[in-house]
Amino acid sequence: SKRIVIKIGTSSIMMADGTVNYQQFDRLAYVLSSLKQAGKEIILVSSGAIGVGMDKLYLAERPKTIRQQQAVAAVGQSEMMNLYSRFFSHYKQTVGQILMTRDIVEFPESHKNVVNTFETLLDMGIIPVVNENDAVAVDELEHETKFGDNDQLSAIVAEITHADLLIMLSDVDGFYDKNPSKFADATLFHTVHNVDDSVMALAGDVGSNFGTGGMITKLKAAKHLLKNNQSMVLASAADPTILFDILAGLEIGTYFTPQ
Ligand code: ADP
């Protein structure tokens, strides 16, 4: 695969104590830069604006109201991009920020524009870093503009950029027949060809405090991709060098791929 979308969750770029995991930013920048230098086209979808914002503002608890969350996300998003920009620059790479809302799904003009931006950034050798535009997106019924979670957002990004592969790096190392953080005897699926209701029913609650998606949104993303004849790997974010192994074809995590 040549064009790869990588999605990383908040819990994978923050420490358990709520501070930014700088080592993880560095490892991610190193691995993604190496892949790019080896000829891959890389798009990064990163959660974490609220987490990074909470650290920056010394907040012990997640703000309660939506407007407070949006304000913290605004602080965190620019700080997070600052971190990506600095760490990637150590490896001679430039990043460009793309903030998305559902408009790109609903309005052909917005869709065309964002696709053009992706293609042009990639042509320029720049690594797009994508997140939801939290300050703008609303989830009222009238005109819903939120994706809600970056799992599904990353599937849309992989779809509209015709990516060869979506790799989701998570606090869990794959999809199991039951929640492995609750059941010691859970067994990992190496390959999944079809995400139907019986598969969806195996997804339990979210394990981490940070994660908003859980396994259900990851399965929805996989289902979306499979429908478009695209593939997704779900693997552990603990060590980003796992990306080298995944792309070398080693059997790692769960591979969602059409039959
Ligand atoms: P991230 O923050 O990396 O996006 P989440 O914490 O939102 O990830 O979702 C992953 C979590 O989903 C796992 O840590 C686990 O607790 C939970 N989970 C529930 N059901 C399953 C399952 N069947 N297989 C794997 N993980 C599951």
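The model is a predicted one, in which local features need pLDDT of at least 70 and side-chain atom pairs count only at pLDDT 80 or more, while totals for chains, interfaces and linings use all residues. Residues are numbered from 1 along each chain as its sequence is written, and side-chain values use heavy atoms, with hydrogens and water left out.

Start with the sheet. Helices (H or I, at least four residues) and strands (E, at least two) are DSSP runs, numbered from the N terminus, and two strands pair if DSSP finds at least two bridges between them. The sheet is open and has eight strands, in the order E3-E4-E2-E1-E5-E7-E8-E6, with mixed pairing. Strand E3 (95–100) and strand E6 (191–192) sit at the edges with a single partner strand each, so one side of each has no neighbour in the sheet. Helix H5 (residues 108–123) packs on this sheet and touches E1, E2, E3 and strand E4 (127–132), where contact means heavy atoms within 4.5 Å. The direction of H5 makes about 165 degrees with that of E3; axes are lines fitted to C-alpha atoms, for helices over the stretch in contact, and angles run from 0 to 180 degrees between N-to-C directions.

Now for strand E1 (residues 3–8). Six of its six residues are buried, so the rest of the structure largely encloses E1. Here buried means under 20% relative accessible area, exposed over 50%, and partly exposed in between (1.4 Å probe, protein chains only). In a regular strand the side chains alternate between the two faces of the sheet. In E1, Arg3, Val5 and Lys7 point one way, Ile4, Ile6 and Ile8 point the other way, and all are buried. On one hand, E1 runs parallel to strand E2 (residues 41–46), joined by six bridges; valine 5 stands opposite isoleucine 43, and isoleucine 8 faces serine 46. E1 also pairs in the parallel sense with strand E5 (residues 165–170) over five bridges, with lysine 7 opposite methionine 168.

Between E1 and E2 comes a helix: E1, helix H1 (residues 22–37) and E2 form a right-handed β-α-β unit. Right-handed means that, with the strands pointing away from the viewer, the path from the first strand over the helix to the second runs clockwise. H1 also packs against helix H3 (residues 66–90), at an angle of about 50 degrees and with the axes 9 Å apart. That makes H1 oblique to H3, given that angles under 35 degrees count as roughly parallel, over 145 as roughly antiparallel, 65 to 115 as roughly perpendicular and the rest as oblique. Residues of H1 including Phe25, Leu28 and Leu32 are on its side of the contact, with Met80, Leu83 and Phe87 among those in H3.

Isoleucine 98 lies in E3 and counts as buried because its relative accessibility is 6%. Not counting residues up to four places away in sequence, isoleucine 98 touches Val114, Thr117, Phe118, Leu121, Pro128, Val129, Val130 and Asn131. Valine 95, also in E3, counts as buried at 15% relative accessibility. With neighbours within four places left aside, the contacts of valine 95 include Tyr84, Phe88 and Ile127.
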